[in-house]
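Hi,

Here is the structure I promised to pass on. Have a look at it first, and then read on for what turned up in it.

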Amino acid sequence: MNSIDGPFIDELNRLLLRPPKFMRRRKRYEEDPDNAWNCCSWCEYLLIVILSTILLVGVLVLTLFWVMFYRDGFAWSESPKQQFNLHPILMIAGFVTLSGFSILIYRLCRCVKHIYVKLIHMFFHAVAIPCIALGFLSVFDSHEALQKVNFYSLHSWLGLVTMGMFVLQFVIGFFSFLVMLCCENKTYSCRSAMVPIHASLGLANFWLAIATSVTGLIEKERETANETGVSTENKLVEHYITSAIGITLIFIGIIVTFAVRRSNAPASAKVYVTERI
């Protein structure tokens, strides 16, 4: 009997003296051997970071070049036609460049604590909000001054849906993943349930923004096709530029989707409560 009691009592003491689960130190992401990357994984990671940065900055620069050299630059209410030119710049800056960096930073950043990554993620989206608001006001005021009908095209309705989903995502993300951290253990189940929903809707919103931008480019080309006073050569060059912007937007959507859904990306590896949520 004593030979049985000894191990039994030792195991009982071990369980009783073991600290509760919420008090145990959780492993950091980088401490888990399951998350170790080989050389190929790091090369893929660097390629995605470099290529996505070039595309996200490049599409904004290309749009600026198009507006400045082929659409007569910017203005506000004193020139409604030039006021409209703020719309593509600000919308691509907010919905594509800033939002794209926000998604990729959250997904790929490995060098700081995850709470800081979440704050950077939120910061990029917060900076995108005034860009989107000013972009919307510029096109609305321009159409009003030129006596054009608002909200009649597929582009405009896609834009409304995209803006609505963006605001909803921002509010839900702010309260679910930052405010609820005040009661981390009690809200864990809620936050863990929200993670796949927030991620899927965020990616869908990003693709909606790309679709809206592409339809906007097509709509603008149709409007300017019959413009007088513009040489055929300039029209042809402008057509190539807008086509390049559209293709770049599609490539951005593909690479961001690849980065988000890649199985060996940091956020899909084995990560613990404080790191994943």
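Helix α7 gives the largest share of the lining of the largest cavity, eight residues. Before the rest, two notes on the source. This is a predicted model, so local features need pLDDT of at least 70 and side-chain atom pairs count only at pLDDT 80 or more, while totals for chains, interfaces and linings use all residues. Residues are numbered from 1 along each chain as its sequence is written, and side-chain values use heavy atoms, with hydrogens and water left out.

Now the cavities. A search of the whole structure finds two of 30 Å³ or more. (On a 1 Å grid over the protein atoms alone, a cavity is a set of points where a 1.4 Å probe fits but cannot get out, and a pocket is an open set with protein on both sides within 12 Å along at least five of seven lines; lining residues have an atom within 4 Å of a point.) The largest cavity has a volume of about 540 Å³, a volume being the space filled by probe spheres set on the points, with grid points joined across faces, edges and corners. Its lining has 29 residues, and His-87, Val-139, His-155, Thr-212 and Gly-216 lie nearest the centre. Two or more lining residues come from each of α4 (86–108), α5 (114–145), α6 (154–177) and α7 (188–224); helices here are DSSP runs of H or I, at least four residues, numbered from the N terminus. By class, this lining has 15 nonpolar, eleven polar and three charged residues (Ala, Val, Leu, Ile, Met, Phe, Trp, Tyr, Cys and Pro count as nonpolar, Asp, Glu, Lys and Arg as charged, and the others, Gly among them, as polar).

The second largest pocket has a volume of about 460 Å³. Of its 19 lining residues, Arg-71, Lys-81, Lys-220, Thr-224 and Glu-227 lie nearest its centre. Here the lining divides into five nonpolar, six polar and eight charged residues.

Ser-138, in helix α5, is also worth a look. Ser-138 is buried, with a relative accessible area of 0% (buried means under 20%, with a 1.4 Å probe and protein chains only). Its side chain reaches the backbone oxygen of Gly-135 at 2.8 Å.

On confidence, the protein averages a pLDDT (the predictor's confidence in each residue, from 0 to 100) of 81, and 78% of the residues score at least 70. Confidence is highest in α4, at 93, and lowest in α9 (residues 273–276), at a mean of 37.

Best wishes

Terms used: Buried < 20%, exposed > 50% of the residue type's maximum accessible area, 1.4 Å probe, protein only. Polar contact = N/O pair within 3.5 Å; in protein donor to acceptor, adjacent residues only side chain to side chain.
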